[in-house]
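Colleague: I am new to this structure and would like to know what stands behind the terms used for it. Please show it, and I will ask.

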Amino acid sequence: MGIFSTLHTGVTGLKANEVQIATTGNNITNANSTFYTRQRVVQTTNGFYTTGGVQIGTGTAIESIVRLHDEHAYFKLKNATNQQEYTGYLKQALEEISQRFPDLQNNGILNDLENYNKAWNDFANNPNESATKIALIKFAQTLTESVNKSHATLGKIQQKINDDIKSTVEEINRIAEEIAGINKQIYGQEARFTDHANELRDKRDELELTLSKLVDSVASKSEIVQNSRLEQTITDPGRHYNLSIEGLSIVDGVNFHPLKLDYDDKNKSYSIHYQMADEKIRDLTTKIRGGQLGAQLDLRGRDYNKLEGKYDDGIIQGYMNSLDTFAKTLINETNNIYASSAKNSATSDYLSELRGDVPLTNYDRTIQPGNFEVVIYDENGGKKVSKSIEINVKTTMEDIVRQITSNTDDNNDKNALNDVDDLVDVSFSFDVKSGGLFQINAKSGFKVAIEDKGTNFAGAFSVGGFFNGKDASSLAVKNSLVDDPNTLRASKNGVDSGNDLANEIIQLQYKKVNFYNEDGTIDELTMEEYYRKFTGKIASDGESNNVVHASNSTLYNSVYAEYQSKSGVNTNEELAALIQYQSSYGAAAKIITTVDKMLDTLLGLKA
């Protein structure tokens, strides 16, 4: 061995420092790379030989080049990213919705509602003038169109988010498939335990972090070890890898199992499921949480009710439901009053799927047990006779017709020919396509009105009412009034000179009425108070989420700084290391030149 082994020792030093310098240079040049984990050379002794009873080292060797990756810090970064993206997506959507409901002094539904009420006041003061009737119909149409538009806007935002769900799921699948492909490359490059596919693992980590922006997922790496030789002690050298969402594996080593999308053409709604190995289907729409996809599902809704054609949950659906409740109450309360105006005939809206034997309280939850009166007037506005009609939880349209047409002595004059059933024709018909239709027509020389006593019968079904519709999307002024505003009446007896009915509708703006919310709760508020509560909820949700998002952003910045301090490149540190390795390289070279002089001396002695 002797002098030549010493020469070899110097050579190993040169080679080792070349690798150290190359690795440090690689760190420096990648300091600004999007996702790069700094690397360190693991250097160890090259063994020894024994001579003269002593052990002499044979230089140094490079064991491997490893990433300074701290799995614990990376895990925290993924969680922080997931939470930040969730509230970030909510923030964007809620701010867009808030901008649609500004309700400034001269803009918004409240302004339209105020103008509508003023128009009723003008009409009450001048019930015989055509101009006030036309103006009232115009302002009523402006109000209904504003409500329609606001509801449609929420629907468009909801549908856009539904489309985003499709894009997000496709992106999740693309990332997961790419991770499975990278795993295959890692397995191929890490044949020995000292081999580390650092760049590929960086790429996989980057994809995992991107995935955490989209959905809450769990990456299971079978081997997480602690290595105190390095600056970061917790790393992931293992080859086994599993990535799951809600406990269902989408990446198992090199195998990729995609999320599946189902599209309901009729309702234009996406749902997400996972197909098990035994081909059973697991629904994930109601389970997925976190990230953009979790926010999208929470905004749009998760449980789609095909019977009602809308979601049973969801932030945006909640806003739409509140707007529906506002519109439904406006329809009911206005129609309940306007139906008490005497007319030649009164007809309901077409009532989808309302058969004659269906209990009214089951069909429309705003129908309440109680009674209403069918009132008959003569052509001069004189009240002739009335009949009380009862509604309970079992009452159907067929029951209503039977009660009205029953042969009763409504005048208590023992004359069987001048009662309500003698002065009106009543019918209820049902058509599969159109739905149910209730009609009540006064006979020649008479007019009919319906005075509600708390049942909401005339209001909910728009029997002789002012508005059509059952929610915010269908709210409209009766076509008969739009076509001929002169048929509008301000009095209950149907005579133009009166204004008692118009005054009652004017007072409606100050009256606390029942709002039957979708969740089963009841709010007793004025129309303005309920609408302000609705818009206040939108503003409150946005503000609350902003607070949480700011907290999540602060947490993310803190966790990211911690991760970068452990895994990121510090150029000052690397430059200092570069000087150190340069010096070591020079020292190793000095060993070689020294041995070279020794050889010259040795050869000179021989000569």
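Modeller: Start with E308, which is partly exposed because its relative accessible area is 47%; buried means under 20%, exposed over 50%, and partly exposed in between, with a 1.4 Å probe and protein chains only. This is a predicted model, where local features need pLDDT of at least 70 and side-chain atom pairs count only at pLDDT 80 or more, while totals for chains, interfaces and linings use all residues. Residues are numbered from 1 along each chain as its sequence is written, and side-chain values use heavy atoms, with hydrogens and water left out.

Colleague: Where is E308 found?

Modeller: E308 sits in the loop between β14 (304-305) and β15 (310-311). Helices (H or I, at least four residues) and strands (E, at least two) are DSSP runs, numbered from the N terminus.

Colleague: Why is Q158 called buried?

Modeller: Its relative accessible area is 10%, and the limit for buried is under 20%. Q158 therefore counts as buried. Its place is in helix α4 (residues 130-189).

Colleague: What makes E573 and R40 a salt bridge?

Modeller: The term requires a side-chain nitrogen of Lys or Arg within 4 Å of a carboxyl oxygen of Asp or Glu. The side chains of E573 and R40 meet at 2.9 Å, N to O. This pair links distant parts of the chain, with E573 in helix α15 (residues 571-606) and R40 in strand β1 (residues 39-45), 533 residues apart.

Colleague: Is R40 counted as buried or exposed?

Modeller: R40 has 14% relative accessibility, so it counts as buried. E573, with a relative accessible area of 31%, is partly exposed.

Colleague: How do you know that D70 and K566 form a salt bridge?

Modeller: Their N to O distance is 3.8 Å, and the cut-off is within 4 Å. D70 lies in the loop between β4 (60-67) and α2, and K566 in helix α14 (residues 527-567), so the pair ties together parts 496 residues apart in sequence. D70 is buried, with a relative accessible area of 5%, whereas K566 is partly exposed, with 22%.

Colleague: What separates K118 and E114 in helix α3?

Modeller: They are 4 residues apart in helix α3 (residues 109-125), which means about one helical turn.

Colleague: How many salt bridges does a search of the whole structure find?

Modeller: The search finds 30. R38, R40, E573 and E574 are linked in a network of them.
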